[in-house]
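Subject: Structure for your review

Dear colleague,

My notes on it follow.

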Amino acid sequence: PTDCGDETASILHAVRRREVLAPLETVRLTKEGARVDVSLRVSPVLGASGRVVGASVIARDITERKLTEEALEAEREFTNALLESLREGIVACDAQGTLTLFNRAAREFHGLPQQPLPPEAWAERFDLYKADGRTPMQTQDIPLHRALQGETVLDAEMVIAPKSGIARTLLASGRAIHGSGGERLGAVVAMHDVT
């Protein structure tokens, strides 16, 4: 828990300067010794003369929110570890087509890091070719772009031929990602190396 003495002194100092502190997240202990996460809004109270005569404190219990945030962070870490350990290359983009995920295998296939590029730049930047390995892919042929447009892509053959690296033949499968209200959130594609 937070050292209440230091925290109180800091709050009082801010109140004397007529500052409003909001939100100020801290920890308190109940009489039973249970930890409670709270969000405080502290405002100076001014007297008739305009001097600070006190402080108004509104406290909200945010323990449930904090627990949810911690659970989401743990889930995010688990998902990142899982994606990084896969042999399949995983790429994803948001609803505007900006790349948001490039796992370890995808970075190795391309020999490049993830970059927030629009779909029109993907083929050239990431050395994407049709199954013959010579014909550059057009934006509309790229499996991730097709998935973003709403198509379910199954085992689309493609070649990644980086200028300095090994050309790889891949089978790409993916689909669009939708939110609970049906709104398009982006798309994801998994690429299996069949070289």
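One aromatic pair turns up in this structure, which is a predicted model. The pair consists of Phe 102 and Phe 126; their ring centres lie 5.0 Å apart and their planes meet at 45°, so the pair counts as tilted.

Thr 139 is in the loop that runs from β6 to α5 (143-148). Its relative accessible area is 19%, and the cut-off for buried is under 20%, so Thr 139 counts as buried. Leaving aside residues up to four places away in sequence, Thr 139 touches Pro 119, Glu 120 and His 145.

Val 57, in strand β3 (residues 52-61), has a relative accessible area of 51% and is therefore exposed, the cut-off for that being over 50%. With residues up to four places away in sequence again left out, Val 57 is in contact with Leu 40, Arg 41 and Val 42.

Now the chain as a whole. It contains five helices and nine strands, in the order α-β-β-β-α-β-β-α-α-β-α-β-β-β from the N terminus. The radius of gyration is 26 Å, well over the 16 Å that the globule rule gives for 195 residues, so the chain is more spread out than a compact globule. The C-alpha trace spans about 80 × 40 × 35 Å along its principal axes.

Of the 195 residues, 33% are buried. The chain exposes about 11,800 Å², and carbon and sulfur atoms supply 54% of that area. Taking contacts between residues at least 6 apart in sequence, 36% join residues at least 24 apart. As for charge, there are 23 positive and 28 negative charges, and their mean positions are 6 Å apart.

Regards

Methods: Residues numbered from 1 in each chain as written. Predicted model: local features only at pLDDT ≥ 70, side-chain atom pairs only at ≥ 80, totals over all residues. Heavy atoms only, no water. Helix = DSSP H or I, 4+ residues; strand = E, 2+ residues; numbered from the N terminus. Rg over C-alpha atoms; globule rule 2.2 N^0.38 Å. Buried < 20%, exposed > 50% of the residue type's maximum accessible area, 1.4 Å probe, protein only. Contact = heavy atoms within 4.5 Å. Areas by Shrake-Rupley, 256 points an atom, 1.4 Å probe, with all protein chains shown as cover. Lys, Arg positive; Asp, Glu negative; His and termini not counted. Charge placed at Lys NZ, Arg CZ, Asp CG, Glu CD. Phe/Tyr/Trp six-rings, centres within 6.5 Å; stacked < 30°, edge-to-face > 60°.
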